Amino acid sequence: MGVNGITNTTNSADLYGAYSTASKSSAAETPKENVSGGVVYEPSAEAAESGTAGKTYKSNPELIAKLQADADARIAQFKTLIEQLITKQGKTLGQADSIWSFLASGDFTVDPEVKTQAQKDIAEDGYWGVAQTSDRILDFAKALTGGDPEKMEEMREAFKKGFTNATKTWGRELPDISQKTYSAVMEKFDKFAEEAGKADTAENSAK
């Protein structure tokens, strides 16, 4: 039985998880707590020169927690399913990343109901599909940075790092759905940067 559905779902989950870790680490380098408990990103010298000085960008802790908890729960649920699959087929898990090596090998069979659910998850409107996954990644980046254009570029780099890490963990080039998700995320970062630039130009013109 084919396993494309289940492996593609795994790669989408791994890609998001790798990005989440990298982006949180990147964003944690510069935030400053304000009196209300939120996070305010102070404009850098470059931001002052580009006309963004004076703006404050607050992160959204509630949305960050919601997105992270949702992703963690989904990934944990999927890992449990795969671990049961591995055990059922008389195999054992060793290192922490061996689950990905096992799936990358393709040396296993998938129950019809598992395959059906995996295919549903990666469908165009599925939770791990390109559209929803790329939207969540951008939402996460915006929640972490408060929409600060400069910090969003750091989030872009964090995403690229996460993609590279996911590829290394997988052991070879990620499947087509992950490549499409990568392209969709980069396009959305580009769109955000373009819109932010237009807004900045309009604001400067109004002064």
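Analyst: Let's start at Phe163, which is buried at a relative accessible area of 12%. Buried means under 20% relative accessible area, exposed means over 50%, and partly exposed is anything in between, using a 1.4 Å probe and protein chains only. Before we go on, know that this is a predicted model, where local features need pLDDT of at least 70 and side-chain atom pairs count only at pLDDT 80 or more, while totals for chains, interfaces and linings use all residues. Residues are numbered from 1 along each chain as its sequence is written, and side-chain values use heavy atoms, with hydrogens and water left out.

Back to the rings. The structure has three aromatic pairs. Rings of Phe, Tyr and Trp (its six-membered ring) pair if their centres lie within 6.5 Å; planes under 30 degrees apart are stacked, over 60 edge-to-face, and the rest tilted. One of these pairs joins Tyr127 and Trp128, edge-to-face, at 4.8 Å centre to centre with 90° between the planes. Phe163 belongs to helix α7 (residues 149-170) and Tyr182 to helix α8 (residues 176-206), so the pair ties together parts 19 residues apart in sequence. Helices here are DSSP runs (H or I, at least four residues), as are strands (E, at least two), numbered from the N terminus. Tyr182 counts as partly exposed, at 22% relative accessibility.

Ile177 sits 6.8 Å from Val130, C-alpha to C-alpha, although 47 residues separate the two in sequence.

Now for the Tyr127 and Trp128 pair. Both Tyr127 and Trp128 are buried. Arg136 has its charged end over the ring of Tyr127, 3.7 Å from the centre, and Arg136 also lies over the face of Trp128, at 5.1 Å from the ring centre. A charge sits over a ring if NZ of Lys or CZ of Arg is within 6 Å of the ring centre and within 35 degrees of the ring normal.

Thr133 is in helix α6 and counts as buried at 0% relative accessibility. Beyond its neighbours within four places in sequence, Thr133 is in contact (heavy atoms within 4.5 Å) with Tyr127, Trp128 and Thr181. Its side chain reaches the backbone oxygen of Trp128 at 3.3 Å, and a polar atom of the Thr133 side chain lies 2.9 Å from the backbone oxygen of Gly129.

How far can you trust all this? For the score behind that question, pLDDT is the predictor's confidence in each residue, from 0 to 100. The protein averages 74, and 68% of the residues score at least 70. Confidence is highest in helix α6 (residues 130-145), at a mean of 91, and that is the helix holding Thr133. Strand β2 (residues 39-41) has the lowest mean, 35. Over residues 27-53, pLDDT stays under 50. Where pLDDT is low, the predicted coordinates should not be read in detail.

Definitions and conventions:
A polar contact is a pair of N or O atoms within 3.5 Å; within protein, one must be able to donate a hydrogen and the other to accept it, and residues adjacent in sequence count only if both atoms are side-chain atoms.
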